[in-house]
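Subject: Structure for your review

Dear colleague,

Please find below the structure that I am handing over to you, together with its sequence.

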Amino acid sequence: MSKPIVAIVGRPNVGKSTLFNQIGKQRVSIVDDMPGVTRDRIYLDAEWLGHAFTMIDTGGIELDESDHILKSMRQQAQIAMEEADVILFVVDGRAGLTTADEEVGHLLRSTKKPVVLAVNKVDSPEREMDMYEFYSLGLGDPIGISASNARNLGDLLDAVVAAFPEETGDDKEPDEISIAVIGRPNVGKSSIVNAILGEQRVIVSDVPGTTRDAIDTHFIEDGTKFMLIDTAGMRRRGKIDEPVERYSVMRSLRAIDRADVVLMMINAAEGITEQDKKIAGYAHESGRGVVIVVNKWDIFPEKDDKSTLRFTDELRDKLGFLQYAPVLYTSALTGQRVHRVTELVKYVAEQQSMRIKTSVLNELIRDAVSVNPPPMHRGRQLKILFMTQADVKPPRFILFVNDPELMHFSYLRFIENRLREQFGFEGTPLVLIVRKRG
Ligand code: GDP
Ligand code: GDP
């Protein structure tokens with residue numbers, strides 16, 4: 001079961017990002033332990049009363065024709081209606097009901113998705129009067145909140161959580177490796193999925209997935225079970241040019257959320273773009289395994305024997321946070337190296353599940369400290385008392401130290417590098433958590 005997606009929709013300045021950040025303060029997720037890569041964050045993983053969900057600020061989605069407020073709001077609403085499980089419509093109680101709110105309200109009334117209406121800037125009980133005119137939107141009882149004062153956010157989140165779709169069991173089998181294929185439009189996602197499946201003798205079934213519209217494909221190769229998650233109804237939709245299709249953040253997030261390993265696809269003919277960085281950032285922050293697939297290698301201009309090296313250098317430079325991801329150069333068109341995809345995916349999935357014994361980790365720490373003692377900080381020396389692995393997928397290590405304040409980021413990086421040198425952990429992020437021994 002993938003996490004429900006909550007999309008925030010609303011005019012500029014109603015307080016969407018304030019609300020988003022306020023909710024983000026209570027988020028419990030592995031993102032907290034990961035060095036951030038997405039500066040302009042538009043989604044976050046949150047949890048309320050034991051319900052995990054992903055929240056997206058549609059105001060932050062870059063739209064082409066965004067100079068016209070009404071037009072871009074309509075697009076936001078449309079994306080939310082297509083992709084979200086719950087729509088959180090935010091209006092401004094101080095400004096009162098505007099024509100743009102009415103337009104969006106009209107659109108949202110036509111959706112079958114649950115809509116929660118929040119009237120923001122109701123900063124005190126005296127301002128609750130401001131809420132009443134919003135009943136006319138016909139979207140049910142408005143909930144008065146103050147994003148900046150964190151007022152009534154509990155009631156709001158209760159309403160959001162209550163609107164989540166009922167949980168259905170995931171149809172993924174326990175020993176199956178699930179793969180999400182992500183990347184910009186036209187990089188060849190559908191083509192590579194078809195090429196992978198074209199090579200398979202044994203396609204187990206084509207059963208409708210738990211996610212709306214998605215068709216997941218299960219297959220077995222050399223005794224290993226795989227499942228290809230269908231992002232964006234890839235194969236069904238084909239080449240229908242849908243404007244919303246271009247802003248498939250939510251689809252990517254949903255697929256990543258369900259995956260063990262993510263295939264991050266890059267178009268060799270176009271190079272690495274800003275949008276690639278963002279999409280790769282989602283994969284990294286999710287803690288999933290990642291394989292970078294540079295596709296359309298057949299049409300890479302003026303290839304020589306150093307081309308892949310140079311391209312890989314550029315990848316390492318521009319997607320610095322994905323240093324650990326293996327890179328594969330493919331052509332979904334000619335089939336070049338497509339057979340290596342599942343091989344690498346399987347390898348990365350194994351790396352993600354690897355457990356290292358505490359005794360072995362402590363030996364590593366002793367060695368690391370003797371080769372490169374932690375630098376002094378304000379006249380005090382960091383002491384690492386011991387390290388243990390707390391989890392897999394992604395591997396998570398806890399370092400118990402005399403004083404966490406003395407741990408410098410660069411020293412953690414050094415330890416991470418030692419872990420990778422010694423054990424590989426290829427294709428998986430590592431999470432290192434520093435705790436005071438007490
Ligand atoms: P967005 O454009 O919808 O993302 O709106 P922002 O979150 O950037 O907020 C727009 C303005 O409204 C900022 O000046 C915020 O400080 C202010 N604001 C946000 N929430 C509240 C609130 O609950 N009460 C009041 N009085 N102001 C708020
Ligand atoms: P998606 O939008 O990411 O699913 O991309 P598609 O799989 O629909 O591919 C977009 C276009 O690129 C189609 O015309 C494909 O035939 C073409 N294409 C996909 N992979 C390759 C490749 O490796 N080499 C070349 N030359 N074209 C490709």
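The notes below take up the sheet, the core, the ligand shell and some backbone features in turn.

Please bear in mind that this is a predicted model.

Six strands form an open sheet with mixed pairing, in the order β2-β3-β1-β4-β5-β6. Its edges are β2 (43-48) and β6 (143-144), each of which pairs on one side only. Between β5 (residues 115-120) and β6 the pairing is parallel and extends over two bridges; within β6, I143 is the residue that stands opposite A118. Helix α3 (residues 99-109) packs on this sheet, where it touches β1, β4 and β5, and its direction makes about 165 degrees with that of β4. Helix α2 (residues 69-83) lies across β1 (5-9) and β4 (86-92), and runs at about 165 degrees to β1.

The core. The largest nonpolar core comprises 110 residues, and those with the most contacts inside it are L88, I179, M264 and V291. Leaving aside residues up to four places away in sequence, L88 touches V6, A7, I8, V116, A118 and V160. A118, listed here as a contact of L88, is also the residue that faces I143 in β6.

The ligand shell. Ligand 1 is surrounded by 16 residues, the closest being G15, K16, S17, T18 and S146. Helix α1 (residues 16-24) gives the most to this shell, with three residues. By class, the shell has ten polar, three charged and three nonpolar residues.

Backbone features. Two residues in the loop between β12 (289-295) and α9 (307-318) deserve a look: K296 and E302. K296 has a phi near 65 degrees, a positive value in a residue other than glycine. E302 is likewise not a glycine, and its phi is positive at about 45 degrees. Are these residues buried or exposed? K296 counts as buried because it has 21 C-beta neighbours inside 10 Å, and the cut-off for that class is 20 or more. E302 has 5 such neighbours inside 10 Å and therefore counts as exposed, the limit for that class being 12 or fewer.

Finally, the peptide bond that joins K393 and P394 is cis, with omega about 0 degrees. P394 lies in the loop between β16 (384-391) and β17 (396-401).

With kind regards

How values were computed: Residues numbered from 1 in each chain as written. Chains lettered and ligands numbered in written order. Predicted model: local features only at pLDDT ≥ 70, side-chain atom pairs only at ≥ 80, totals over all residues. Core = buried A, V, L, I, M, F, W, Y, C linked by C-beta atoms within 7 Å. Contact = placed C-beta atoms within 7 Å. Near = placed C-beta within 6 Å. Helix = DSSP H or I, 4+ residues; strand = E, 2+ residues; numbered from the N terminus. Nonpolar A, V, L, I, M, F, W, Y, C, P; charged D, E, K, R; others polar. Pairing = 2+ DSSP bridges. Axes fitted to C-alpha atoms, helices over the stretch in contact; angles between N-to-C directions.
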